[in-house]
Amino acid sequence: MKISVQAEDFDLGAEVRKISGEKTVGAVASFVGVVREVPMTLEHYPGMTEAAIRKIVDEAAARWKVTDCSVIHRYGALQPGDQIVLVAVASAHRGDAFAACEFVMDYLKTQAPFWKKEHRAEGAQWVEARAADDQAAERWQDGSRKKAG
Amino acid sequence: MKVKVLFFAGLREQLGTPGEEIELPGGVTTVAALRSHLRGRGGPYEKAFSDKALVRTAVNQDMVQPAARIKAGDEVAFFPPVTGG
């Protein structure tokens, strides 16, 4: 299980190869978040960030059969088109890989201490949390996953 | 007792400091009590820790609810709802 909070960019292909080595792996599901049109700066809480992601990954591994996974989240100054976050999950079958990958992403959005500040022409502004992100995380709580709204 | 208080993101900017060590009066033993203690400082603290303000708290780097207890030496971080991913 790899967890990295870093300023540097990452390579999806390389990360997928790193977690696909086991002979029992039959599926790798991955998600990459990308900066849309506005440049931004990402702040985080060093120490807590890694611990919070570790907790989310452990919870995913307790719910689904996860052979290996990689979570990378960047911080610092990012430009439109830059990659922000990577979640890749390797499993025997796609069902576990897809579900665990989506679960980690949904929880990361509401539990990992990152904050985005957008730099628009009219000035810099902190991004406000979205209720939709809370709802996406909450739908995992009753055990059976509901469809995203 | 003494605790280390940290502020992040918009809250840090609003208060003009990343945090400090503070000596708490007796009776301030929960996150909620610490919030009202900070609110009582007035100025930017009054607004930042008002009942309406969406402030999240972590004690020793673990997210907690307002009823959570704090003890001497704890690291108590306050921040807005997170927006990563």
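Predicted model: local features only at pLDDT ≥ 70, side-chain atom pairs only at ≥ 80, totals over all residues.
Me: What volume does the largest pocket have, and which residues lie nearest its centre?
Reply: The lining of this pocket counts 45 residues. Nearest the centre lie A:Lys109, A:Asp133, B:Val82, B:Thr83 and B:Gly84. The volume of the largest pocket is about 1100 Å³.

Me: Which element gives the largest share of the lining of the largest pocket?
Reply: In chain A, strand 2 (27–34), helix 3 (94–111), strand 7 (114–120) and helix 4 (131–138) each give two or more residues to the largest pocket. The largest share is eight residues, and it comes from helix 3 of chain A.

Me: How many residues of the lining of the largest pocket are charged?
Reply: The lining of the largest pocket has 20 nonpolar residues. Another nine are polar. The charged ones number 16.

Me: What is the volume of the second largest pocket?
Reply: The second largest pocket is lined by 20 residues. A:Val127, A:Glu128, B:Leu54, B:Pro80 and B:Pro81 lie nearest its centre. Its volume is about 490 Å³.

Me: Which element gives the most to the lining of the second largest pocket?
Reply: Chain A brings strand 8 (123–126) and helix 4, with two or more residues each. Chain B brings helix 1 (9–15) and helix 3 (44–48) on the same terms. The most, three residues, comes from helix 1 of chain B.

Me: How many residues of the lining of the second largest pocket are nonpolar?
Reply: Three residues of this lining are polar. Five are charged. The nonpolar count is 12.

Me: Which element gives the most to the largest nonpolar core?
Reply: This core has 33 residues, and A:Ile53, A:Trp64, A:Val87, A:Phe103 and A:Val104 have the most contacts inside it. Several elements of chain A supply at least two residues each, including strand 1 (2–6), helix 2 (48–63) and strand 6 (83–91). The most, nine residues, comes from helix 3 of chain A.

Me: Which residues does A:Val87 touch, leaving out those up to four places away in sequence?
Reply: A:Val87 is among the core residues with the most contacts inside the core. Its partners include A:Ala29, A:Ser30, A:Phe31, A:Ser70 and A:Val71. The list also holds A:Cys101, A:Val104, A:Met105 and A:Leu108.

Me: What volume does the largest cavity have?
Reply: The count comes to one cavity of 30 Å³ or more. Its lining is A:Val57, A:Ala60, A:Val66, A:Cys69, A:Val89, A:Ala100 and A:Val104. By class, that makes seven nonpolar, no polar and no charged residues. The space inside the largest cavity is about 30 Å³.

Me: How much area is buried between chain A and chain B?
Reply: 25 residues of chain A are in contact with 19 residues of chain B. On the chain A side, A:Tyr45, A:Met48 and A:Trp115 lose the most area, together 35% of what that side buries. Carbon and sulfur atoms give 56% of the buried area. The area between the two chains is about 1800 Å².

Me: Is A:Ala27 buried or exposed?
Reply: A:Ala27 is found in strand 2 of chain A. A:Ser91 is 64 residues away in sequence, yet the C-alpha atoms are 5.4 Å apart. The relative accessibility of A:Ala27 is 12%, and buried means under 20%, so A:Ala27 is buried.

Me: Why does B:Thr30 count as buried?
Reply: B:Thr30 sits in the loop between strand 2 (19–23) and helix 2 (31–39) of chain B. Among the residues it touches are B:Pro66, B:Ala67 and B:Ile70. Buried means under 20%, and B:Thr30 counts as buried because its relative accessibility is 18%.

Me: What is the phi of B:Ala9?
Reply: B:Ala9 has its place in helix 1 of chain B. B:Ala9 is buried, with a relative accessible area of 0%. Although B:Ala9 is not a glycine, its phi is positive, at about 55 degrees.

Me: Where does B:Gln61 lie?
Reply: B:Gln61 is partly exposed, at 27% relative accessible area. Its phi is positive, near 70 degrees, in a residue other than glycine. B:Gln61 lies in the loop between strand 3 and strand 4 of chain B.

Key: Residues numbered from 1 in each chain as written. Chains lettered and ligands numbered in written order. Heavy atoms only, no water. 1 Å grid on protein atoms, 1.4 Å probe; cavity = no way out; pocket = protein on both sides within 12 Å on 5 of 7 lines; lining within 4 Å. Points joined across faces, edges and corners; volume = space filled by probe spheres on them. Helix = DSSP H or I, 4+ residues; strand = E, 2+ residues; numbered from the N terminus. Nonpolar A, V, L, I, M, F, W, Y, C, P; charged D, E, K, R; others polar. Core = buried A, V, L, I, M, F, W, Y, C linked by side-chain atoms within 4.5 Å. Buried < 20%, exposed > 50% of the residue type's maximum accessible area, 1.4 Å probe, protein only. Contact = heavy atoms within 4.5 Å. Buried area = accessible area lost by both parts, 1.4 Å probe.
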